[in-house]
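Hi,

Here is the model I promised to pass on. Have a look at it first, and my notes on what turned up follow below.

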Amino acid sequence: MDNQKYITETIKLMQNHRSIRKFTKDQIPKEQIVEIVKAAQGAATSNFVQAYSLVMVTDPIKKEQLSELSNHQQQIIDAPVFFVFCADMKRLEFATGKHDIPMQYDTLENFIVSIVDTSLFAENFLTAAESLGYGGCYIGGIRNNPKQVSDLLNLPDKVMPIFGMTLGVPAENHEVKPRLPIDAILHENEYTTENYQRLLDQYDDIFRDYYKTRTSNAKDMTWTQTMATFFSQKKRTHMKEFVETKGFHLY
Ligand SMILES: Cc1cc2nc3c(=O)[nH]c(=O)nc-3n(C[C@H](O)[C@H](O)[C@H](O)COP(=O)(O)O)c2cc1C
């Protein structure tokens, strides 16, 4: 199938995404960051609640501390700027407080709303930044120590750090990681598991070839092996308590 004629500049950019973890020493001008944030704000938001905030960390000492709290990821120190994306119900408390109406914020539904809003905002943010030639990487590692991250950034109750993101001028250029075959993702009219076995076998071969021939960090692994290992352990079980301390009781 010749789909080339449908590949717009935007689609090309998105299909060429790869996480960048090594950066030059170049800074990102503040005016560009402002435009990137405005583009991110263009993301759809559930009921227009805009339940997110972004903390931009440029202070080298704070970046070093955040790196330490995120499993010592060097990229946080090396990137000229590190962003922490937060699900935010605090501003809505101010908004609703103007009208003396008690706010019912701490439901599982509102928790989902704020995480979805934050994620859509973040992906728009990265795409906009990539369109300007920057590269970056999400950092879920901040959830290793969410309380310490929260304290370091002075995040109040109802504001939760969800993930970070390094951003800068790329100092590496590796291959795009092949995604799952379309047929494993795109279902028509109803969901089916019918082809998963075959598609996962197919994907394991593609994934193994990609990793074997990769210019950096080559390894002999399949995707299903990687997932089996990843899901063999419970991760970040402290999150439930942390979320509760932020005031989300999730009923
Ligand atoms: C929410 C989230 C958290 C992530 N956390 C980390 C992280 O802490 N460290 C890291 O090196 N990569 C992290 N990644 C990047 C993923 O490993 C990467 O997106 C994935 O392997 C696909 O590779 P690609 O982005 O180059 O296509 C994270 C990605 C997401 C979406």
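**The core**

Of the 35 residues making up the largest nonpolar core, the ones that touch the most other members are Phe85, Cys86, Phe125, Met165 and Leu167. At least two residues of this core come from each of helix H2 (30-41), helix H3 (60-69), strand S2 (81-88), helix H6 (108-131), strand S3 (135-139) and strand S4 (159-168). The top contributor is S2, with six residues. By nonpolar core I mean a set of buried Ala, Val, Leu, Ile, Met, Phe, Trp, Tyr and Cys residues joined through C-beta atoms within 7 Å. Buried stands for 20 or more other C-beta atoms within 10 Å of a residue's own, exposed for 12 or fewer, and partly exposed for anything in between, with C-beta atoms placed from the backbone. Helices (H or I, at least four residues) and strands (E, at least two) are DSSP runs, numbered from the N terminus.

Before you go further: this is a predicted model, so local features need pLDDT of at least 70 and side-chain atom pairs count only at pLDDT 80 or more, while totals for chains, interfaces and linings use all residues. Residues are numbered from 1 along each chain as its sequence is written.

In soluble globular proteins, nonpolar side chains tend to be buried together.

**Around the ligand**

Which residues are around the ligand? They are His17, Arg18, Ser19, Arg21, Gln73, Cys137, Tyr138, Ile139, Gly140, Gly141, Phe163 and Lys177. The cut-off here is a C-beta atom, placed from the backbone, within 6 Å of the molecule. S3 supplies the largest share of this shell, three residues. By type, the shell holds four nonpolar, five polar and three charged residues.

Leu66, Ser67 and Leu69 are the buried residues to look at in H3. They sit on the same side of H3, because they cover an arc of only 165 degrees around the axis; the arc is that of the directions from the helix axis to the C-beta atoms. Pro60 and Ile61, on the other side of H3, are exposed. The buried residues of H3 pack against strand S1 (52-57), helix H4 (74-78), S2, helix H7 (146-152) and S4.

H4 includes Ile77, which is partly exposed, with 15 other C-beta atoms within 10 Å. Not counting residues up to four places away in sequence, Ile77 touches Lys63, Glu64 and Ser67.

Asn71 lies in the loop between H3 and H4. Its phi is near 65 degrees, a positive value in a residue other than glycine. Asn71 is partly exposed, with 13 other C-beta atoms within 10 Å. Most residues other than glycine have a negative phi, and most peptide bonds are trans.

Is Asp117 buried or exposed? Asp117, in helix H6, is buried, since 22 other C-beta atoms lie within 10 Å. Leaving aside neighbours within four places in sequence, Asp117 is in contact with Thr45, Ser46, Val49, Gln50, Ala51 and Tyr52.

Gln50, one of those partners, is in the loop between H2 and S1. Gln50 is not a glycine, yet has a positive phi of about 50 degrees. Gln50 is partly exposed, with 17 other C-beta atoms within 10 Å.

Tyr105 is in the loop between helix H5 (90-97) and H6, and is partly exposed, with 19 other C-beta atoms within 10 Å. Its contacts, leaving aside neighbours within four places in sequence, are Met89, Leu92, Glu93, Asn110 and Lys158.

Tyr191, in the loop between helix H8 (182-185) and helix H9 (196-213), is exposed, with 7 other C-beta atoms within 10 Å. The C-alpha atoms of Tyr191 and Lys62 are separated by 46 Å.

Finally, the chain is divided into domain 1 (4-174) and domain 2 (175-214 + 217-232), with bounds from an automatic or database domain assignment. The C-alpha centres of domain 1 and domain 2 are 27 Å apart.

Cheers

Methods: Ala, Val, Leu, Ile, Met, Phe, Trp, Tyr, Cys and Pro count as nonpolar, Asp, Glu, Lys and Arg as charged, and the others, Gly among them, as polar. Two residues are in contact if their C-beta atoms, placed from the backbone, lie within 7 Å.
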